[in-house]
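Hi,

Here is the structure I promised to pass on to you. Have a look at it first, and then read my notes below.

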Amino acid sequence: MILDYKKAKKNFLATKIQGCRKFFELNNHKLEQAYCEIIFDNLSKAKQLFSELAAQDVRAHWGLVLLECINGTISHYPTYFELRNFLEIDLNLLISYCKGAYVEKLVRYADFMFTINPETHKFIGRAFLNNGMKPQAIFFLKRAKDHFYHDPELHFMLAAIYKEDGDIELSKKSAETCLEILPNYAPAKALLEEIIFP
């Protein structure tokens with residue numbers, strides 16, 4: 001039995017969900033319980049919990065947006081900072097819990113979310129990359145580059161992927177582009193050095 005909030009949250013984030021929902025419910029942690037309800041596919045209960053908190057909790061407001069994306073019925077708009085702070089985290093969570101259908105529905109709104117936060121495609125690409133889903137990551141990182149070319153991190157991430165795939169020429173070009181945008185970007189400098197002096 002879980003008796004500690006930190007332990008419950010740590011377990012939930014590590015996909016050890018057993019006992020977490022009950023703990024959050026008994027201790028009135030509605031936001032965390034709402035996320036558990038999503039994992040258990042109880043979206044109506046999650047919506048009820050988020051709705052109770054949304055007026056005073058920005059994360060709960062984002063939770064309503066997340067549910068609307070999953071349900072295909074947008075009536076709440078995310079803010080720039082909600083996308084920046086929560087989109088990538090929640091994609092990681094959904095991927096970790098093998099909620100592929102929810103992930104697919106959420107990323108269908110990438111272009112819509114881009115109109116609010118131009119880094120949206122990068123956040124999605126990075127979430128896929130961090131979860132070992134390289135083709136999906138490349139797709140969204142290239143979309144990000146098309147929309148937001150002057151983001152050095154994008155070029156660095158693509159350079160790292162290309163290097164890992166053995167495409168040294170493309171990796172070198174992407175790293176150089178990164179450094180043209182931001183000359184002191186240390187990770188790109190190190191990567192370029194690895195390419196030039198293997």
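Below is what turned up, sorted by topic. One thing to keep in mind is that this is a predicted model.

**The cores**

Let's start with the inside. In soluble globular proteins, nonpolar side chains tend to be buried together. Here the largest nonpolar core has 47 residues. Phe-12, Tyr-35, Ile-38, Phe-50, Trp-62 and Leu-87 have the most contacts inside this core. The helix that gives the most to this core is α5 (residues 58–71), with eight residues.

Setting aside residues up to four places away in sequence, Tyr-35 touches Phe-12, Phe-50, Arg-59, Trp-62, Leu-66, Asp-90 and Leu-93. There is also a second, separate core of 10 residues, and Phe-156, Ala-175, Cys-178 and Ala-188 are among them.

Glu-82 sits in helix α6 (residues 80–96). This residue is buried yet has no salt bridge. Which side chain of opposite charge is nearest to Glu-82? That is Arg-59, 9.2 Å away. What Glu-82 does have is a polar contact, side chain to side chain, with His-61 at 2.8 Å. Beyond four places in sequence, the residues in contact with Glu-82 are Val-58, His-61, Trp-62, Tyr-77 and Leu-87.

Now go to Glu-68, in helix α5. Glu-68 counts as buried because its relative accessibility is 8%, and the cut-off for that is under 20%. Its side chain makes a polar contact with the side chain of His-76, at 2.5 Å. Apart from its neighbours within four places in sequence, Glu-68 is in contact with Thr-73, Ile-74, Ser-75, His-76 and Tyr-109. Lys-47 is 21 residues from Glu-68 along the chain, with 9.2 Å between their C-alpha atoms.

**Salt bridges**

The count comes to 16 salt bridges.

- Glu-37 pairs with Arg-21, and their closest N and O atoms are 3.0 Å apart. Glu-37 is in helix α3 (residues 30–39) and Arg-21 in helix α2 (residues 20–26), so the bridge ties together parts that are 16 residues apart in sequence. Glu-37 is buried at 4% relative accessible area, whereas Arg-21 is partly exposed at 27%.
- Asp-111 pairs with Arg-143, with 2.7 Å between the closest N and O atoms. Because Asp-111 lies in helix α8 (residues 110–114) and Arg-143 in helix α10 (residues 134–147), this bridge ties together parts that are 32 residues apart in sequence. Asp-111 is partly exposed at 39%, and Arg-143 is partly exposed at 23%.
- Arg-126 pairs with Glu-153, the closest N and O atoms being 2.6 Å apart. This pair links distant parts of the chain, with Arg-126 in helix α9 (residues 120–130) and Glu-153 in helix α11 (residues 152–164), 27 residues apart. Arg-126 counts as buried at 19%, while Glu-153 is partly exposed at 21%.

**Cysteines**

Cys-98 is exposed, at 70% relative accessible area. Its closest cysteine sulfur is in Cys-36, 16 Å away, which is also too far for a bond.

Happy exploring!

Conventions
Residues numbered from 1 in each chain as written. Predicted model: local features only at pLDDT ≥ 70, side-chain atom pairs only at ≥ 80, totals over all residues. Heavy atoms only, no water. Helix = DSSP H or I, 4+ residues; strand = E, 2+ residues; numbered from the N terminus. Buried < 20%, exposed > 50% of the residue type's maximum accessible area, 1.4 Å probe, protein only. Lys, Arg positive; Asp, Glu negative; His and termini not counted. Salt bridge = Lys/Arg side-chain N within 4 Å of Asp/Glu carboxyl O. Polar contact = N/O pair within 3.5 Å; in protein donor to acceptor, adjacent residues only side chain to side chain. Contact = heavy atoms within 4.5 Å. Core = buried A, V, L, I, M, F, W, Y, C linked by side-chain atoms within 4.5 Å. Disulfide = S-S within 2.5 Å.
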